[in-house]
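I am opening a notebook on a structure that is new to me. The entries below keep to what I looked up, one topic at a time.

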Amino acid sequence: MAGEGLPIRTATRVLGISESGYFTWRGRPPSARSTRHLWLTDLIASIHSASRGTFGYRRIHEELTLRHGVTISHGTVELLMRRAGLQGRPGVPDRLWVTDAVELVTGQGELLCVIVLDAHARRLMGWSTGSAPAAAVAADALSRAVLRHSVHPGPRPEGRFTTLVFTERAHARGLAPPTGLVADRNDHAVIGAFWARARTELLDHREWHSRLDLTTALSDYFEGIRV
């Protein structure tokens, strides 16, 4: 009230507090909670801006916990975003797919794992594992994604695979071919969050003695998650 031009004496009387109490409150330094909220709001705003304004509180929560190591509840993220006037945009599924491949270590050697993610819905569309050439494993992952989710023409696969077999498979499914361009930072964030979660929940829990053991574990894990 005093900040809006109302005399301090009148404001304190309306609120039922003493003038001395008001001035004591004004002289206090910000609380630890207020300071943390200010810091979190700045970080949340930075993440929101980097996502081109698309991230809602759930995706920002994931970025905070997985990429920045911040312990925070979904409710607090939602509250701070609302206070700052920030909100995400609804996801547009099946408009942009991103692919990624990792080489996972087993006692028998490396196992290649290729994933296909819906970049907006953050959903795992398909995956494949194998020791075959990367292009063949990637093409198999794309085929599984299309088969499992009955995608209509429109999505544009992007990522690390621009080989002929992958492009031909994309055309055969009515999809635009990959551009060969490096995915933007938003796409990298989606992929990074996916693998961070997979490592926390599965990959780093034990040593994998064979490709078969790891393939079986990945299949069970992928079937049970939603990105």
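This is a predicted model: local features need pLDDT of at least 70, side-chain atom pairs count only at pLDDT 80 or more; totals for chains, interfaces and linings use all residues.

**Entry 1: a cut-off to start with.** I note that two axes count as roughly perpendicular when the angle between them is 65 to 115 degrees.

**Entry 2: α3 and α5.** I looked up how α3 packs on helix α5, which spans residues 74–84. Their axes lie 10 Å apart, at an angle of about 80°. By the cut-off of Entry 1, α3 and α5 are therefore roughly perpendicular to each other. I then listed the residues that make the contact: α3 gives H37, L40, T41, I44 and H48, and α5 gives T76, V77, L80, M81, R83 and A84. Sorted by class, the residues of this contact are six nonpolar, four polar and one charged.

**Entry 3: α3 and α4.** I turned to helix α3 (residues 32–50) and helix α4 (residues 57–66). Their axes come within 10 Å and cross at roughly 115°. That angle makes α3 roughly perpendicular to α4. The crossing of α3 past α4 is right-handed. On the α3 side I found L43, I44, I47 and H48 in the contact, and on the α4 side I60, E63 and L64. By class, I have five nonpolar residues, one polar and one charged for the contact of α3 with α4.

**Entry 4: salt bridges.** How many salt bridges does a search of the whole structure find? The search finds three.

I began with R67 and E63, which form a salt bridge with their closest N and O atoms 3.1 Å apart. Is E63 buried or exposed? E63 is buried, because its relative accessible area of 5% falls under 20%.

Next I looked at R144 and D140, whose side chains meet in a salt bridge at 3.1 Å, N to O. Both residues lie in helix α6 (residues 134–149). They are four residues apart there, about one turn of the helix. R144 counts as partly exposed, at 36% relative accessibility. D140 is partly exposed too, with a relative accessible area of 28%.

The remaining entry on this topic is R197 and E201, whose side chains meet in a salt bridge at 3.4 Å, N to O. Where do R197 and E201 lie? I place them in helix α8 (residues 185–201). Because they are four residues apart in that helix, about one helical turn separates them. R197 is partly exposed at 26% relative accessibility, and E201 is partly exposed with a relative accessible area of 40%.

**Entry 5: the whole protein.** I ended with the overall picture. I count nine helices and four strands in the protein. From the N terminus on, I read the order of elements as α-α-α-α-α-β-β-β-α-β-α-α-α. The protein has 227 residues, and 39% of them count as buried. I also looked up the contacts between residues at least 6 apart in sequence: 56% of these join residues at least 24 apart.

Terms used. Residues are numbered from 1 along each chain as its sequence is written. Side-chain values use heavy atoms; hydrogens and water are left out. Axes are lines fitted to C-alpha atoms, for helices over the stretch in contact, and angles run from 0 to 180 degrees between N-to-C directions. Helices (H or I, at least four residues) and strands (E, at least two) are DSSP runs, numbered from the N terminus. Angles under 35 degrees count as roughly parallel, over 145 as roughly antiparallel, 65 to 115 as roughly perpendicular and the rest as oblique. A crossing is left-handed if the near helix is turned anticlockwise from the far one by less than a right angle, and right-handed if clockwise. Contact means heavy atoms within 4.5 Å. Ala, Val, Leu, Ile, Met, Phe, Trp, Tyr, Cys and Pro count as nonpolar, Asp, Glu, Lys and Arg as charged, and the others, Gly among them, as polar. A salt bridge is a side-chain nitrogen of Lys or Arg within 4 Å of a carboxyl oxygen of Asp or Glu. Buried means under 20% relative accessible area, exposed over 50%, partly exposed in between (1.4 Å probe, protein chains only).
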